[in-house]
Every structure is written in C-alpha cells, then in structure tokens.
Amino acid sequence: MSIKKTGRGAIKYDYLAMDTSSIKESIAHKLVYSVGKDPFTATPRDWFFTTAYAVRDRMIERWMETMRSYYRADAKRVYYLSLEFLIGRTLTNSLMNLDIYEETREALDEIEVDFDAIRDVEPDAALGNGGLGRLAACFLDSMATMRLPGYGYGIRYDYGMFHQRIENGYQVEHPDNWLRYSSPWEFPRPEVLYPVKFHGEVTQYTDERGMLRSHWIDTEDIMAMAYDMPVPGYGTNTVNNLRLWSAKASRDFDLGYFNEGNYIKAVEDKNESENLSKVLYPDDSTEMGRELRLKQQYFFVSGSLQDILYRFTKHHDSLLNLADKVAIQLNDTHPAIAIPELMRLLMDIHNLSWDDAWKIAVNTFSYTNHTLMPEALETWPVELFETMLPRHLQIIYEINQRFLKDVIHHFPGDNDRLRRMSIIDETRGRRIRMAHLAIVGSHKVNGVAQLHSDLMKRDIFRDFDQLYPGKLINVTNGITPRRWLNHANRGLAMLISKHLGRKWIRDLSYLEQLQPLADDDAFRTEFCGIKQKNKEHLARYIHTHLNLEVDPSSLFDVQVKRIHEYKRQLLNVLHVITRYNRIRNNPQADWVPRTVIFSGKAAPGYAMAKLIIKLINDVADIINNDPLVGNKLKLAFIPNYDVSTAGVIIPAADLSQQISTAGTEASGTGNMKLSLNGALTIGTLDGANIEIRDRVGADNFFIFGLTTEEAAQLRASGYNPWDYYHGNSELKQTLDMIGNGFFSFDEPKRFQPIVDALTRHGDKYLLLADYASYIAKQDDVDALYHHPDEWVRKAILNVANMGFFSSDRTIQEYATNIWGVTPVAHE
C-alpha cells in the first residue's frame, strides 16, 4: 500500500497487487529494506522473513480497513478470552486465506527460492497445548471468514508449554523458544499498557452519594503490554485481531541496588514480574506453580477487560449499554475471574452501583464448559485469593450471598442444594468453584457436543439447569476446513475442488455432493492415490525423525491427542500387545499389516501419563525389532505433537482412534479432523463421536464399548476389574507381560503402577470392561481393510458427510444464539 496525499489532510491508499509479478517485487524490496540482505547472503530464514513481510503488508491493508469498518458500523463485537490459541504456522495459512498461495510460490520459484524450505523454517507459535487452544484458533479463522467483528485475547508466552523430546523412551521437557528469532506476524504495542494489581489491601469509604465504595491499595503492580497478530479470513477482505499480553515490570531497574554493586537484586523485581508470561501452564504440583497459574489467569483477564472498556468508552457515553456492543466469551474456566474483575472495574473505577454492574456483567459474559469430570473443574483456595486478589474475594462473596438467597427463594428449605450450588465449596478446605462462578455470572452456558450438553444438564450442573431453565445450551464444536483440509491435505482439497468447485472451502456442506462419487471407480482411484502419497510422506517423516522404516501400504492406525488416562491410550497399547501375541502365535496367517502411530504430550507433573509414554516406547522397541513380526506390525511414537505435525499425520491416517470412556470426553475435535481427511473411526459413543456416527452413518464407523448409561450402571453395581482379568486369557497375558517386565527387562517392575491402576486400584476408566469389545471391533477393521474398494468407499462417505462439523457452523450458532452479532462488510 502506498500513501498519497490528495489534498489538505486527505490520504489515498493504493493497495498492493496480488499477482505474481507484484509479489515478486515486494519480496525483492523486503529482502533489502526490511531484512537488510541481498540474494547472495540471504539464508532460508532471511527468505522466510522476507516472504512473511511481503504477505503481512497485504494483510495490514485489510486489517486496518476491517478495524475502521467496525467503528463506522458501531458494530457489536465479540471478545474471545482464552488461555490458549494454538494457531500453528502462519505463512501458508495466510497465503491460502488471502488466495495468493500459488502466486507466491511462483514468485519465489522465479528467483530460485525453495518455498518448501522457507515454509519449514517457521516454528509453530507456542501459544497453546491441545484441543482447547486449537478450537480457539479455528474460531478466530471462522469469525474472520464470516466477517464477524471478533477479537481474541490471550497471553504472549515466551516459551509456550514445552518442546517434547523422547530420551530413552521417556518424555523430557525442553523450553519451546518459538520467539528465538522473533515473529514477523506480531506488532508490539508499547503504548497499549495497563497496570494489573496483586496483593495489597482493601479500604472502604462512603462517597458523596452515600454509597459504600472500595479502594484497593498498596498493591504490587505488573504492566500488561499488548502484541497484536492479524487473523485473515478466507475469501474476504476481513482481517481480525488477536491481542496477546506480555508481562512487563512496573519498574525495570533499581539504580540504588546497582550502585551498591548488587546487580542481581537490581533487576530482581523486573525478572519476577516478567516470569508471568514466560511459560504456558506452569507445573501446578507446587504451591508456587499454582500461584503463578492464578496470576496468569488474572493478568490476561485484567489487561483484556481494561482494553475492552477503553475501546468502548472512546465511542460511547454510558457503560450501562456495554452489553449492547460487547459480548465476552469465556473459553473454559481459566478466564472466569473476568466476572468479578468486570464488577470491580465498573464499581470501583467507574462508580456504578452493584445492581447496574451485575446486570451488565451477566448480559455481557457467556461461558463454554469443556469437561464433564468433577475433579477437572477448576477450583482455587480461598486463602490464595485472600492474599493475591483480596478485592475479588470480597466481590465473589457478595455474588455468592446474593445467588444463594435466590436459590433459597426458589427451593426453600433445601440446604443440601445450597451446599451443592454454592460458589464456595466448604467441603474441601474452602475453595472457589470457578465453574459455578462462570455459570452464575453468564447469560448463556454451552456444552460442546450434544451428549456433553445433555450430561451437563443431567449430572454435574443439574441444579443450575433447574434454577436457570434455558441458560445451558449446546453448541457442538467444529474445525476450520481452511486449515484442516485446504491447507493440510492439498491433494484431497484439489481433487474435491476439481469436482465441486471451491465453494466448499467457505461452506463445508457442499461436501455432501461427493456422496455419489463414492461409487465412482475413477474418483475412488484418485482418492486412494492421494491417501497413498500422504502415507508415503508420513513414512518418510517417521524415518527421518525416528529412524524407523514403516510400510506405507500398511494400515495407518492413528491416535494423536493429549496423553491422559481417560483418553485411554493404554487401551490402544493393550490391543497392540494382543495383536503382537497373535502374530507371534501364528506368523503365517493373512495379517493386515499395521503401523500404529501415537503422538501427544503429557503434562509435566502427570506421572502416570508420562509412564504411559514410556510404555509405548518400550513396547515399540520390542515389536519393531522382532524378526518374526517384521512389517506385520510397527509401533511409532512421534514426539512434540503440534499443529504442523498434525498436518503431516492426519491426512495419512486410515484409522482414527477415538476411544475415551463414554461420558468423559466433552467433544473432541481430532475426531473431526481425521474423518474430514478420510480416516474411518473406531470409537466409543462419547463426545462428538455420536454426532459424527449419526452424520456419516453407523455402517461407516466402528463403534464399540459401553455407553455412558452402561458405564454408570456397571460402576453402580460394583465394577470389579479382576473379573475381566481372570475371565479373558488374552487380556491376562497382555497385562502380565506389562507387569512382569517383558517390555522392561532392565527394570521388571517399571510398569507395575499401570497394572495396579487397571486392577488393584479399580480401573477408573473401565479399560478392562471395554477390552473384549474393542479387540472384536479391531478384527472388524482388519476384515474391512481386506476389501480396499469398500474401505475407500466408506472413507469417501466420511469426508462427504462432515459438513456439519465446520467451525463456521459452530460460530454461526454462537453468533445467533449467544452473542447477537452480525457480519460487517467493507471494501
């Protein structure tokens, strides 16, 4: 964009062209004037930054016009508060959304620069860990594509969670220094700086109107500084904003200590303050780690709300109308502290009454719940709030008192209900139930799959559904087809576009037109060829990173997700060992060759999950080196699962493992990504699996295991895992091999805690109860894979029926049923 003065105070913008020649000219200009190199000295990283700057310039033009259009329309805006945004790499995604992917490749090719080499230089932005963060990133993409005025707010982590390496079979955490070379996509905003207060004490006084006011004093302040990242939509000029907060010290340097020669003490406060945004999810197994987590949550919430109120008051006179122009979505309970923080800002800073502030807060906030497990619902000790956030504790007490009074009026004499619903849990040492706070302080609460929402209303939040009929609703999750098909699986995307055109990229429901092609021999052949190329690509990746040869013609059996006991990677391992035993017992049988692929991170403090990773790798070491087994079975654990790694694994998958215990997974989105890319699912009736099965057809989905109701009945009747252990010889052999050191000859009892968890300690997630059904369904998988034409037909039908699971549909439901926002068009 060039800027030309056209008269006094008037400016005309000439926008950068999007053709190959113009992009090539921009790249040449950026190499010299922004990177400071010439073609003879430029490294691949220099060319990456050069290309990113050329692309960024084209986004900036649309970004600025988007922001101006929102002000012109006085549009209601959505603010999506999330502790994670797992956006992955930005270059290729931006090129595709701006529709200049081929032009940029051609421009680089003309100057003899390898696009693939510079693309791989870019690190994944370490701003998230798992499904929660990836969902947030998909939502930002959809809001921009649908021209909705949406903003993301989060934390600019210096190091992210961790970079996972596998050393001697164990997960080892290393710093994920994604900002080592800086990021070309972010814009520091040193002028956007807000104080965030901690500790101190609260004084109260009566103002001139006779109202009791509170003043939070003697606080320790940390500054929240903004960094902005543009988020382009697909097929539109809309570019929305992701604003991330970085912690800065309120005082950088103590000259007194420095002059005394105490150089460490001179910068101690600065270092301690800025630790706040260093790492995603610090280990909360220590008191210091837990305190840092709460500080992080309040830090980004406070900066975001101050920024939202500043933007609103620039153009509106009365905060009483805030909810007419602002919708704030709380992504899980991490930002739930926003409710008392907004109350504090409205009452203590802007002098509103409690009643007015509370009405504004409830009408502004909505909350997404992501878990059904009571033990996973976030709580904080009252004592921690007393010292760290004393004003917020006062406000929470007041919210709770008024709320419980309302409960009494609706259910007089039901003291047990009061205990269950109270925001303060008095049964476990007085803890603040953040989910209860979020429900009470929001006008809508949504689950993320139909089963999840039904169970929320029936079980964990039944009391709230009875008190607030209609407040708890369902919005089934979705994924962006731009990232997870058009970007991740170019071959399949081009095949679909050849037959359907490109409308499916913005409206995934067009995929249903693929259904007749499932019976077309030519289409099936092309589809199968693309899958095979993706598998060959993954096989090369595995060889490069693991030094393991796998057969691309084998069935690629994939489970990629956070390592957790309820996700039941262990059940998958039990099948792998059972299969290994069967092959050894009858190596001449007509086995379907399988490559079983795991990937995912365990939380640093989660010992059992880390032991499961070690088990997977130890089992792999035995199986992969057994000459009797050969290529009939291979097992691979791919380290450091992230968005880019997912983009290699998911398009190559034949079988998608979605095997959590029924009633534990809120939704899942990996199941959607894998189905969209032509994998068949083996899964339980859990989370969004049910809706996927209903859409793709039960004949095209391998369902096994207990239902939620059956699991509850089994537990209620006195589940005894030993009955299953003694009643199934294959299961007994498998567990005995794990427990007696077959896979850990150097430390025979290494995996005894796993066997104990599945037997002596009750098998919390019912692996043994589901084992026989799972093994039988795996036999059905083998039988179908022996008929490749039928397998491919079912894979195509999976792709064709995934239109419902677009995040565009999800966001439209949020916009209509929760936020009340509409698209804003602009030039």
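Q: What makes a residue a contact of Arg62 in this predicted model?
A: Contact means that heavy atoms lie within 4.5 Å. Not counting residues up to four places away in sequence, Arg62 touches Met18, Leu98, Asn237, Val239 and His826. Arg62 itself has its place in helix H2.

Q: Why is Arg62 called buried?
A: Buried means under 20% relative accessible area. Arg62 has 15% relative accessibility, so Arg62 counts as buried.

Q: How many aromatic pairs does a search of the whole structure find, and why is the pair of Tyr79 and Tyr151 called tilted?
A: The search finds 25 aromatic pairs. The ring centres of Tyr79 and Tyr151 are 5.1 Å apart, and a pair needs centres within 6.5 Å, so the two rings form a pair. Their planes are at 35°. Planes under 30 degrees apart count as stacked and over 60 as edge-to-face, so this pair is tilted.

Q: Which parts does the pair of Tyr79 and Tyr151 tie together?
A: Tyr79 lies in strand E3 (residues 77-81) and Tyr151 in strand E4 (residues 150-155), so the pair joins parts that are 72 residues apart in sequence. Both Tyr79 and Tyr151 are buried. Ring pairs link Tyr79 and Tyr151 with Tyr153, Tyr194 and Trp245 into a cluster.

Q: What makes the pair of Tyr719 and Tyr724 tilted?
A: The distance is 5.6 Å centre to centre, and the angle between the planes is 55°. Tyr719 has a relative accessible area of 13%, under 20%, so Tyr719 is buried. Tyr724 has 29%, so Tyr724 is partly exposed.

Q: Where does the charged end of Arg809 sit, and over which face does Arg417 lie?
A: The charged end of Arg809 sits over the ring of Phe804, 3.9 Å from its centre. Arg417 lies over the face of Phe411, at 3.8 Å from the ring centre.

Q: How do you know that the span of helix H1 agrees with its number of residues?
A: Helix H1 (residues 20-33) has 14 residues, and at 1.5 Å a residue it should span 20 Å. The end C-alpha atoms are 20 Å apart, so the two values agree.

Q: Which residues of H1 are buried, and what do they pack against?
A: Thr20, Ser22, Ile23, Ser26, Ile27, Lys30 and Leu31 are buried. The buried residues of H1 pack against helix H2 (44-73) and helix H4 (101-110). At the start of H1, a side-chain oxygen of Asp19 reaches to within 3.2 Å of the backbone nitrogen of Ser21.

Q: Why is Glu549 called exposed?
A: Exposed means over 50%. Glu549 has a relative accessible area of 53%, so Glu549 is exposed. Its place is in the loop between helix H22 (521-546) and strand E19 (555-560).

Q: What makes the link between the side chains of Glu549 and His543 a polar contact?
A: The limit for such a pair of N or O atoms is 3.5 Å. The side chains of Glu549 and His543 are in polar contact at 3.1 Å, which is within that limit.

Key: Residues numbered from 1 in each chain as written. Predicted model: local features only at pLDDT ≥ 70, side-chain atom pairs only at ≥ 80, totals over all residues. Heavy atoms only, no water. Phe/Tyr/Trp six-rings, centres within 6.5 Å; stacked < 30°, edge-to-face > 60°. Helix = DSSP H or I, 4+ residues; strand = E, 2+ residues; numbered from the N terminus. Buried < 20%, exposed > 50% of the residue type's maximum accessible area, 1.4 Å probe, protein only. Lys NZ or Arg CZ within 6 Å of the ring centre and 35° of its normal. Expected span 1.5 Å × (residues − 1). Polar contact = N/O pair within 3.5 Å; in protein donor to acceptor, adjacent residues only side chain to side chain.
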